Amino acid sequence: MSDPYIQNLFAERIGGPSYGKGTEIYKFEKIKRAKRAALAANPGAELIDMGVGEPDEMAFGESIDALVAAAKKAGESRVCDNGNALYKQAAARWMKNVCGVSGIDPEMQVVHSIGSKAALSILPPASSIPATWR
């Protein structure tokens, strides 16, 4: 039986037709190993860890305080599966103010994710969205 369309689409964009079928080392494990090797070769170097669930530093105190305050508000305990309008607008403002990227359409160009791995995994299918949908 041939592989389903989605498997082929992801395999082609992420790692070739055998993606996910072999015994090769998972890419995030490769990142962990490369980080260890780089730190061993360059003691004291600062590296950004793109591994799963491994932030390099604690969140800023202001961020933690804001999360605690928001969690205590009535009606704020639900999970938002794609970010709400206020979040998307704030993200677009942040990109403009911090990164100098202007002209972002919050409704069409801002999507939240649960982490860098999830965000990176949705890029290949996002790039294949027909122009008429954008």
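Arg93 lies in helix α4 of a predicted model, in which local features need pLDDT of at least 70, side-chain atom pairs count only at pLDDT 80 or more, and totals for chains, interfaces and linings use all residues. Residues are numbered from 1 along each chain as its sequence is written, and side-chain values use heavy atoms, with hydrogens and water left out. Helices (H or I, at least four residues) and strands (E, at least two) are DSSP runs, numbered from the N terminus. Arg93 is partly exposed because its relative accessible area is 49%; buried means under 20%, exposed over 50%, and partly exposed in between (1.4 Å probe, protein chains only).

**Helix α4 and its ends**

- Helix α4 covers residues 85-99, 15 residues in number, and spans 20 Å from its first C-alpha to its last.
- That span is close to the expected 21 Å, where the expected value is 1.5 Å times one less than the number of residues.
- At the start of α4, a side-chain oxygen of Asn84 comes within 3.2 Å of the backbone nitrogen of Leu86.
- Gly100 follows α4 and has a positive phi, near 75°.

**Residues of α4 and what lies around them**

- The C-alpha atoms of Arg93 and Gly103 are 9.6 Å apart, with a sequence separation of 10 residues.
- Met95 is also placed in helix α4, and it counts as partly exposed because its relative accessibility is 28%.
- Leaving aside residues up to four places away in sequence, Met95 touches Gly100, Val101 and Ile104; contact means heavy atoms within 4.5 Å.

**Surface patch**

- A nonpolar surface patch is formed by Met58, Ile64 and Val68, which together have about 300 Å² of accessible area.
- Patches are made of residues with over 30% relative accessible area and no salt bridge, with like charges joined within 9 Å and nonpolar side chains (Val, Leu, Ile, Met, Phe, Trp, Tyr) within 5 Å.
- A salt bridge is a side-chain nitrogen of Lys or Arg within 4 Å of a carboxyl oxygen of Asp or Glu.
- Met58 sits in the loop between α2 (27-41) and α3 (61-72), and it counts as exposed because its relative accessibility is 73%.

**The chain as a whole**

- The chain has 6 helices and 0 strands, in the order α-α-α-α-α-α from the N terminus on.
- Of the 134 residues in the chain, 8% are buried.
- The accessible surface of the chain is about 10900 Å², and carbon and sulfur atoms hold 60% of that surface; areas come from the Shrake-Rupley method with a 1.4 Å probe, and for residues only the protein chains shown count as cover.
- Among contacts between residues at least 6 apart in sequence, 32% join residues at least 24 apart.

How values were computed:
A polar contact is a pair of N or O atoms within 3.5 Å; within protein, one must be able to donate a hydrogen and the other to accept it, and residues adjacent in sequence count only if both atoms are side-chain atoms.
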